[in-house]
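Please look at the sequence and the three-dimensional structure shown here. The paragraphs that follow lead through the structure step by step, beginning with a single strand.

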Amino acid sequence: MLRVDDGGPQKVVRKTYKVTVRDPNTAEKNTAPLLSKISSTWALVDHELTLPILATDRDGDSLTITPEDKGPFERGATFDTATNTMHWVPGCLDGGRRTAVFHVNDGAKTKKLKVTIEVFFPLFWEDETAPG
């Protein structure tokens, strides 16, 4: 508990805080976040790719996931921090291989997740013999 007194006769403010102290000499040390095993996926031009980034922390620390501003994020992808999900609709100039990079931080340690996204062009059938 923290007690603050300004020396006046009636004004005393009390505030309780929770403080976690870790002894650096004990075996209880912070561990890095655990990331999902996704390393590659695919997308179609003009179709939305929804890519959730899954991570946990053995210590129970809160995690912050931050994308790097390159790859799909240079080309219009967005990242929803509330759901930790990337959304991207690749355009016709995005065909080929792109890499999305995410940093997952637990307040003490950071892990990097690289996801390769192969962007393909959908096939179009223009005659009546096409399947479907």
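Buried here means under 20% relative accessible area, exposed means over 50%, and partly exposed lies in between, with a 1.4 Å probe and protein chains only. In a regular strand the side chains alternate between the two faces of the sheet. Strands are DSSP runs of E with at least two residues, helices are runs of H or I with at least four, and both are numbered from the N terminus.

The model is a predicted one, in which local features need pLDDT of at least 70 and side-chain atom pairs count only at pLDDT 80 or more, while totals for chains, interfaces and linings use all residues. Residues are numbered from 1 along each chain as its sequence is written, and side-chain values use heavy atoms, with hydrogens and water left out.

Strand β5 has a partner. It pairs with β9 in the antiparallel sense over four bridges, and L49 stands opposite W88 in β9. Two strands are said to pair if DSSP finds at least two bridges between them.

The wider view comes next. The protein has eleven strands and zero helices. Of its 132 residues, 26% count as buried. The accessible surface comes to about 9,700 Å², and 52% of that surface belongs to carbon and sulfur atoms; such areas come from the Shrake-Rupley method with a 1.4 Å probe, and for residues only the protein chains shown count as cover. Contact means heavy atoms within 4.5 Å. Among contacts between residues at least 6 apart in sequence, 59% join residues at least 24 apart.

Four of the strands make up an open sheet with mixed pairing, in the order β4-β11-β10-β7. Its edge strands are β4 (40–44) and β7, each of which pairs on one side only. From one strand to the next the twist averages 30 degrees; the axes are lines fitted to C-alpha atoms, for helices over the stretch in contact, and the angles run from 0 to 180 degrees between N-to-C directions. Within this topic, β4 and β11 pair in the parallel sense over five bridges, and F120 in β11 is the bridge partner of L44.

Which residues have the most contacts inside the largest nonpolar core? They are I53, F73, F79, M86, W88, F102 and I117, in a core of 19 residues. A nonpolar core is a set of buried Ala, Val, Leu, Ile, Met, Phe, Trp, Tyr and Cys residues joined through side-chain atoms within 4.5 Å. The elements that give two or more residues to this core are β5 (49–52), β9 (85–88), β10 and β11 (110–120). Strand β11 gives the most, with four residues.

Rings of Phe, Tyr and Trp (its six-membered ring) pair if their centres lie within 6.5 Å; planes under 30 degrees apart count as stacked, over 60 as edge-to-face and the rest as tilted. By this rule there are two aromatic pairs. The rings of F73 and F102 have centres 5.9 Å apart and planes at 85 degrees, so this pair is edge-to-face. Because F73 lies in the loop between β7 (64–67) and β8 (78–80) and F102 lies in strand β10, the pair ties together parts that are 29 residues apart in sequence. F73 counts as buried at 15% relative accessibility, and F102 counts as buried at 0%. The pair of F79 and F102 is tilted, with 5.7 Å from centre to centre and 45 degrees between the planes. This pair links distant parts of the chain, with F79 in strand β8 and F102 in strand β10, 23 residues apart. F73, F79 and F102 form one aromatic cluster. Leaving out residues up to four places away in sequence, F79 touches several others, including I53, I65 and M86.

Two further residues complete the tour. Beyond its neighbours within four places in sequence, V104 is in contact with P33, L35 and K111, among others. K29, by comparison, has its place in the loop between β2 (12–15) and β3 (34–35). With a relative accessible area of 49%, K29 is partly exposed.
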